[in-house]
Amino acid sequence: MTVEFDLEPAAAALDAVVAAIPDDRLDAPTPCASTTVRDLLAHVAMLTEAFRQAATKEAVGRSVPPGNPAEVDLPDEWRTLIPARTAALVAAWRKPDAWEGDTEAGGVELPAALMARIALDELVVHGWDLARGAGLPFTAADDHLAILLEMLADTPAEGTPGMFGPVLTVAPDAPALDRVLALTGRDAHWAA
């Protein structure tokens, strides 16, 4: 199997947001319902490790569904932990064998190539969520957005429980990031 895309641009965009989050925004809301910046950072700290383990296949047979982000403590060292975990995630998915067969994350078993796309979605969408909650800019790579638009194209109108809210309507010529966000139930113009 070959590596289909590199997660590094999405990880770098997320890392840039994480590095810029001021302490006084940790309790700010995010576009994720009832989730603060602090809660979402704790979720990101967990999911980056979960998707690294999905790449190495060490999670197969032992992953568990993520809990409520509000019930997970944010590690004190989150400013260094999250970039270290995104770097490890990127490195793991750069290995061709990561893309072979099935793997598991969050208690769900899927083909590895689809799991990589879900990891990409998590990095991009939660990077945007954090940026909006902290009042920071966010950009995503065009090729990543194209991958996500293809993956999300068949999202049911009512959304995907536990993952995405109901799909929002946007103009067909809206920016690609706005269309990705709409497919995950997010309004690109959301503000705290």
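**Notebook: pockets in a predicted model**

I began with the second largest pocket, whose lining has seven nonpolar, two polar and two charged residues. For these classes I count Ala, Val, Leu, Ile, Met, Phe, Trp, Tyr, Cys and Pro as nonpolar, Asp, Glu, Lys and Arg as charged, and the others, Gly among them, as polar.

Before going on, I noted that this is a predicted model, where local features need pLDDT of at least 70, side-chain atom pairs count only at pLDDT 80 or more, and totals for chains, interfaces and linings use all residues. Residues are numbered from 1 along each chain as its sequence is written, and side-chain values use heavy atoms, with hydrogens and water left out.

A pocket here is an open set of points on a 1 Å grid over the protein atoms alone, where a 1.4 Å probe fits, with protein on both sides within 12 Å along at least five of seven lines; lining residues have an atom within 4 Å of a point.

Back to the second largest pocket: I read its volume as about 150 Å³, meaning the space filled by probe spheres set on points joined across faces, edges and corners. Its lining includes Leu114, Asp121, Met151 and Phe164. H4 gives the largest share, three residues, and H5 (142–152) supplies at least two. Helices are DSSP runs (H or I, at least four residues) and so are strands (E, at least two), numbered from the N terminus.

Next I looked up the largest pocket, with about 1100 Å³ of space. Of its 39 lining residues, His43, Pro66, Glu122, Gly162 and Met163 are the closest to the centre. H2 brings the largest share, eight residues. By class I found 21 nonpolar, 13 polar and five charged residues.
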